[in-house]
Amino acid sequence: MASATKQAIKDTFVKLLDERPLHRITVKDIVETCGVNRNSFYYHFEDLPSLLEEIIAEQVQEMTARHPTLDSLEECFDAVVGFVLERKRAVLHIYNSLSREVFERGLMEVCRYVAATYVDAAPARQAMDEADRAILIRYHKCECFGHIIDWLNSGMTDDVSAYFHQVYKLKHGWEAAVHGGSSFVE
């Protein structure tokens with residue numbers, strides 16, 4: 001029963017977060033909407049930030065479980081974009097709140113996971129030492145995180161996945177041209 005109550009509180013919070021900004025959600029709103037008392041809320045959660053942090057941590061775990069392997073940077077980026085788009089309004093409400101850092105920590109963990117999964121799946125990984133692996137993971141993690149944050153700052157209005165795919169198409173064409181290829185974009 002306790003776990004059903006805890007899940008009802010989480011579900012209600014996410015539903016409310018889809019409807020309104022985080023600063024306009026109270027414990028009272030949650031308990032009235034899901035039909036539990038305040039003591040039940042405080043039995044499971046210390047406060048709203050702890051509730052938010054637990055939900056984000058669960059979402060990160062679910063996302064990583066759905067993507068045990070990632071074969072390209074584009075696939076990595078699409079996984080992160082999908083993670084954000086699943087609850088677009090809720091994400092924007094969290095991102096534009098005082099609890100932004102909780103979301104950013106979760107997003108950074110997702111970006112780290114997809115970067116590590118990509119680097120570890122690469123055939124060249126066997127010949128790579130740990131220091132080089134760590135450098136590549138950090139680079140790709142920050143690249144992914146930066147693009148997502150830039151997209152969030154713009155209100156998530158453009159098709160960031162299409163943008164990222166175009167970036168990598170241009171990057172591959174640029175690298176081919178620099179290294180003796182005949183065309184800039186193939």
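**Helix packing and salt bridges**

The crossing of helices α4 and α5 is right-handed in this predicted model. Two packed helices are described by the angle between their axes and the distance between the axes. Here α4 covers residues 48-66 and α5 covers residues 73-85; their axes lie 11 Å apart and meet at an angle of about 140 degrees. That angle makes α4 oblique to α5, because angles have to be over 145 degrees to count as roughly antiparallel.

The side of α4 that takes part in this packing contributes Q59, V60 and M63, while α5 contributes A79, V80 and F83. Sorted by class, five of the residues in the contact are nonpolar and one is polar, and none is charged.

Charged residues come in with the salt bridges. Side chains of opposite charge can pair when their charged atoms come close. The structure holds twelve salt bridges, and a few of them are taken up below.

One of them joins R20 to D29, with 3.1 Å between the closest N and O atoms.

Another salt bridge pairs E32 with K28, at 4.0 Å from N to O. Both residues belong to helix α2, which spans residues 27-34, and they are four residues apart, about one turn of the helix. E32 has a relative accessibility of 54% and therefore counts as exposed, since the class begins over 50%. K28, at 48%, counts as partly exposed.

What is the distance between the closest N and O atoms in the salt bridge of E53 with R105? The two atoms are 3.3 Å apart. E53 is in helix α4 and R105 is in helix α7 (residues 100-121), so this pair ties together parts of the chain that are 52 residues apart in sequence. E53 is partly exposed, with a relative accessible area of 38%. R105 is also counted as partly exposed, at 47% relative accessibility.

Salt bridges can also share partners. K6, K10, E54 and E58 are joined in this way into one network.

The contact with α5 has no charged residues, whereas the link between E53 and R105 is a salt bridge.

Conventions. Residues numbered from 1 in each chain as written. Predicted model: local features only at pLDDT ≥ 70, side-chain atom pairs only at ≥ 80, totals over all residues. Heavy atoms only, no water. Axes fitted to C-alpha atoms, helices over the stretch in contact; angles between N-to-C directions. Helix = DSSP H or I, 4+ residues; strand = E, 2+ residues; numbered from the N terminus. Parallel < 35°, antiparallel > 145°, perpendicular 65-115°, else oblique. Left-handed = near helix turned anticlockwise from the far one by under 90°. Contact = heavy atoms within 4.5 Å. Nonpolar A, V, L, I, M, F, W, Y, C, P; charged D, E, K, R; others polar. Salt bridge = Lys/Arg side-chain N within 4 Å of Asp/Glu carboxyl O. Buried < 20%, exposed > 50% of the residue type's maximum accessible area, 1.4 Å probe, protein only.
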